[in-house]
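Morning, everyone. Please have the sequence and the 3D view open, and follow along as I go.

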Amino acid sequence: MDVWLEVALNGPWARERQPLIPVTADEIVADALDAADAGAAVVHFHAYDEHTGRQRDAYELYAPVIERIRASADVVCCPTIPFAGGPDAGEPLGPAERFAAVERLLEAGLIEWSVVDPGSVNIALAADVAAGREGFVYANPESHVRYGLGLAAAHAMIPSYAIYEPGFLRLGAALHRATPGAPQPVYRFMFSDTFRFGFPPTAWALDAYLRLLQEEAPGSPWMVAGLGVEIEPLVAAAVRAGGHVRVGLEDAPLGTGVGNRARVERAVRAIAAAGGRPASAAGVRAACAAPVIRPRP
């Protein structure tokens, strides 16, 4: 089977926590093209301000990077939105402000997917909890999710749902059903060894998510991913069950010495060993356009 392989190049960590992440435009483009060459069909990244080394989700930063990537490789580019509650979030933002860059990128015809995360969650490292250091709340009010799904409906954008907890799946499915015209979301199950949210990367946890998905949104595309996790042990089970895979420095254990290209190459080998093959970007687009049977509300 064709397996969608997504690479998450950097995430919100900055180099203090993930030293190998690409930050400058040149670095992001280089890592994206390397990952595409190695087999990734979907490229997800966070835009960074090169002067501060911190995440900044601005159209002026995303657009030229995406244009350069697309000029050299056929991949699906997927940006993010400000990580509300995180250290770079600043003052609280409304939904239109959080999705401002995404909306302009859609209007310019530069993106096909975007993050629309259907829920809020505490993000805390186990080591920080033990040391008395607080994490933060990744906040996605319902109005923000509805706004993102509205953009999806208006622009035929694929919503990329990060499922940190089972409730994310249930609410995300309900909000999708309530948004006429919104394309089918991709449900990305977020596992972790080192953060204290959701499930660890185990077969029983994947099975629990798949049972819930079958009840709430049968036939929907899904993938295994996470934060602070080595997801490779779940790749074979995901491929055999008809799922997809995300890897990259955003998701990897903090401080890892393994870069994005090597992580994509390892995932390609794991997918092949399980009887799958990496899909092309054209294959991903074609699969996303296929009809999906929705359950009754």
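Let's start with helix H2, residues 25–38. Helices here are DSSP runs of H or I with at least four residues, strands are runs of E with at least two, and both are numbered from the N terminus. H2 has 14 residues, so at 1.5 Å a residue it should span 20 Å. That expected span is 1.5 Å times one less than the number of residues. The end C-alpha atoms of H2 are 20 Å apart, which agrees.

Some ground rules. This is a predicted model, where local features need pLDDT of at least 70, side-chain atom pairs count only at pLDDT 80 or more, and totals for chains, interfaces and linings use all residues. Residues are numbered from 1 along each chain as its sequence is written, and side-chain values use heavy atoms, with hydrogens and water left out.

Which residues of H2 are buried? They are Ile28, Val29, Ala32, Ala35 and Ala38. Buried means under 20% relative accessible area, exposed means over 50%, and partly exposed is in between, with a 1.4 Å probe and protein chains only. What covers them includes strands E2 (5–8) and E3 (42–44), plus helices H3 and H11 (260–273). After H2 comes Gly39, with a positive phi near 135 degrees.

Now the core. A nonpolar core is a set of buried Ala, Val, Leu, Ile, Met, Phe, Trp, Tyr and Cys residues joined through side-chain atoms within 4.5 Å. The largest one has 93 residues. Those with the most contacts inside it include Phe45, Trp113 and Tyr187. Helix H3, residues 59–72, gives the largest share of this core, six residues. A second, separate core has five residues, among them Ala14 and Leu249.

Look at Tyr187. Leaving aside neighbours within four places in sequence, its contacts (heavy atoms within 4.5 Å) include Tyr161, Leu213 and Trp222.

Next, His244, in strand E13 (244–247). Is His244 buried or exposed? It counts as buried, because its relative accessibility is 6%. A polar atom of the His244 side chain lies 2.9 Å from the backbone nitrogen of Trp4. His244 is also in contact with Met1, Asp2 and Val3, among others.

Finally, the whole chain. It has 12 helices and 14 strands. Of its 297 residues, 53% count as buried. Its C-alpha atoms fill a box of roughly 50 × 45 × 40 Å, along the principal axes. Among contacts between residues at least 6 apart in sequence, 74% join residues at least 24 apart. Thanks, everyone.

Terms used: A polar contact is a pair of N or O atoms within 3.5 Å; within protein, one must be able to donate a hydrogen and the other to accept it, and residues adjacent in sequence count only if both atoms are side-chain atoms.
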